[in-house]
Amino acid sequence: VPAEKKRLIYLFFSIISETLITGTLSTVPKDQRVVKTVREVISDHAEDEKHHHAYFSSLLAVVWRQLTLPQQQYVGALLPDLILGYLEPDYHVVPGWLQRLNFTSKETARIMEESYSQDQVIQSIRNASKITMKHLEKNGVFEEPSIAEAFMQKGLLIKKQ
């Protein structure tokens with residue numbers, strides 16, 4: 001990112017990450033597979049994040065309207081990568097963890113393939129980003145065809161028939 005655009009991208013990364021985390025934190029306290037103490041701690045954190053979510057979703061509404069069309073196109077083209085960067089598994093770190101647990105390279109490759117099929121990962125990311133995507137849609141982000149196309153290319157937005 002050119003130096004003169006870094007602050008704008010940092011702002012949008014904050015908006016994206018703060019609106020994404022709310023959805024993630026709201027599901028864990030309801031998941032009975034998670035230890036009760038962990039669910040309680042995350043539930044408390046989720047309450048705090050609701051305030052952040054409200055602030056950053058309002059900030060999106062204000063800032064997006066103030067951007068010029070070229071700024072919107074520039075930022076909008078990067079938004080899918082920000083979402084993926086936040087939610088996509090770390091494909092480089094996980095194999096190392098598995099190998100430290102004494103899985104062979106062959107077993108690690110099989111686990112990675114079975115656990116992280118591209119279709120499953122994209123579907124999971126679509127589910128986790130629903131709230132953020134609704135905010136983007138509500139604020140007209142997808143009205144610009146090049147931005148909608150960037151989201152479609154990454155599999156985050158499905159073309160309406």
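The expected span of a helix is taken here as 1.5 Å times one less than its number of residues, where helices are DSSP runs of H or I with at least four residues, numbered from the N terminus. The structure is a predicted model, in which local features need pLDDT of at least 70 and side-chain atom pairs count only at pLDDT 80 or more, whereas totals for chains, interfaces and linings use all residues. Residues are numbered from 1 along each chain as its sequence is written, and side-chain values use heavy atoms, without hydrogens or water.

Buried residues (under 20% relative accessible area, 1.4 Å probe, protein chains only) of helix 3 include L79, P80 and I83. The buried residues of this helix pack, by contact (heavy atoms within 4.5 Å), against the helices tabulated below.

| Helix packed against helix 3 | Residues |
|---|---|
| Helix 1 | 6-27 |
| Helix 2 | 36-66 |
| Helix 6 | 118-128 |
| Helix 7 | 130-138 |
| Helix 8 | 145-153 |

Of the 28 residues in the largest nonpolar core, L79, I83 and L136 are among those touching the most other members, and helix 1 gives the most to this core, with 6 residues. Beyond its neighbours within four places in sequence, L136 is in contact with residues including L79, I83 and F151.

Key
Buried < 20%, exposed > 50% of the residue type's maximum accessible area, 1.4 Å probe, protein only. Helix = DSSP H or I, 4+ residues; strand = E, 2+ residues; numbered from the N terminus. Core = buried A, V, L, I, M, F, W, Y, C linked by side-chain atoms within 4.5 Å.
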